[in-house]
Amino acid sequence: MLKKYWFWLVGDPMSISLEGRIFHTISVIAIPTVCIQVVFNLLIHLYQAAVVAAAVAIIQLFLYYLSRFKNKLNLAIILSAIEINISNSFAYIYNSGIEGSILLLFAVSLFLTILISARRQWLFLFILNAATVISLLYVEFIRPGMILQHYSSRQEM
């Protein structure tokens with residue numbers, strides 16, 4: 001019973017590519033996780049983070065639907081990469097910029113999107129990711145006040 005339900009969620013190996021099943025699995029895990037994050041952010045009064053997380057959950061649900069049921073995996077991956085870079089950018093601004101941990105998340109996100117994308121999309125995904133990171137670092141350098149600092153001391157960081 002569980003196996004049948006899992007195949008319905010991520011796709012049958014006989015009809016869905018490995019990349020598609022990986023994308024669907026990531027989505028099936030990410031959507032409820034981000035929904036939990038919305039609730040958690042509301043409970044600790046981080047309303048901007050809750051709004052961003054809610055938007056990410058809704059967008060990822062749509063992208064999952066687009067890939068799983070409309071068979072538009074490549075489009076879903078490209079839109080997902082754009083969504084990830086935008087949400088990571090918000091996280092970078094709200095989580096202490098270069099002093100926070102979000103730069104590592106950009107690298108992990110790039111590796112995951114390259115893992116499930118077609119080879120012809122790799123250059124676009126790399127340029128998108130690199131341009132986003134370089135832009136954020138430049139903006140932080142010229143306008144450091146835009147980055148919200150949550151650490152009261154170097155030790156706390």
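**Reading the helices and buried residues**

Trainee: Why is A57 called buried?

Mentor: A57 has a relative accessible area of 9%. Buried means under 20% relative accessible area, exposed means over 50%, and partly exposed is what lies in between (1.4 Å probe, protein chains only). At 9%, A57 therefore counts as buried.

Trainee: Before we go on, what kind of model is this?

Mentor: This is a predicted model, in which local features need pLDDT of at least 70 and side-chain atom pairs count only at pLDDT 80 or more, while totals for chains, interfaces and linings use all residues. Residues are numbered from 1 along each chain as its sequence is written, and side-chain values use heavy atoms, with hydrogens and water left out.

Trainee: How do you know how confident the predictor is?

Mentor: Look at pLDDT, the predictor's confidence in each residue, from 0 to 100. The protein averages 88, and 95% of the residues score at least 70. Confidence is lowest in helix α1 (residues 2-10), with a mean of 87, and highest in helix α6 (residues 122-142), at 94.

Trainee: Why is α3 called roughly antiparallel to α4?

Mentor: The axes of helix α3 (residues 47-68) and α4 come within 9 Å and cross at roughly 170°. Axes are lines fitted to C-alpha atoms, for helices over the stretch in contact, and angles run from 0 to 180 degrees between N-to-C directions. Angles under 35 degrees count as roughly parallel, over 145 as roughly antiparallel, 65 to 115 as roughly perpendicular, and the rest as oblique. The α3 and α4 pair is therefore roughly antiparallel. The residues in this contact divide into eleven nonpolar, five polar and one charged. Here Ala, Val, Leu, Ile, Met, Phe, Trp, Tyr, Cys and Pro count as nonpolar, Asp, Glu, Lys and Arg as charged, and the others, Gly among them, as polar.

Trainee: And why are α1 and α2 called roughly perpendicular?

Mentor: Their axes come within 8 Å and cross at roughly 105°, so α1 and helix α2 fall in the roughly perpendicular class. W6, L9 and V10 in α1 meet R21, H24, T25 and V28 in α2. That set divides into four nonpolar, two polar and one charged.

Trainee: What makes N71 stand out?

Mentor: N71 has a positive phi of about 55° although it is not a glycine. Most residues other than glycine have a negative phi. N71 sits in the loop between α3 and α4, and its relative accessible area of 61% makes it exposed.

Trainee: Why is I147 called buried, and which residues does I147 touch?

Mentor: I147 has a relative accessible area of 7%, so it counts as buried. I147 is found in the segment after α6. Beyond its neighbours within four places in sequence, I147 is in contact with Y92, I93, S96, G97 and E140. The C-alpha atoms of I147 and Y92 are separated by 7.7 Å, although the two are 55 residues apart along the chain.

Trainee: What makes T113 and N41 buried?

Mentor: T113, in helix α5 (residues 102-116), has a relative accessible area of 7% and is therefore buried. Apart from neighbours within four places, T113 is in contact with I77, A81, I84 and L125. N41 lies in helix α2 and is buried at 6%. Not counting residues up to four places away in sequence, N41 touches L46, A49, A50 and A53.

Notes
Helix = DSSP H or I, 4+ residues; strand = E, 2+ residues; numbered from the N terminus. Contact = heavy atoms within 4.5 Å.
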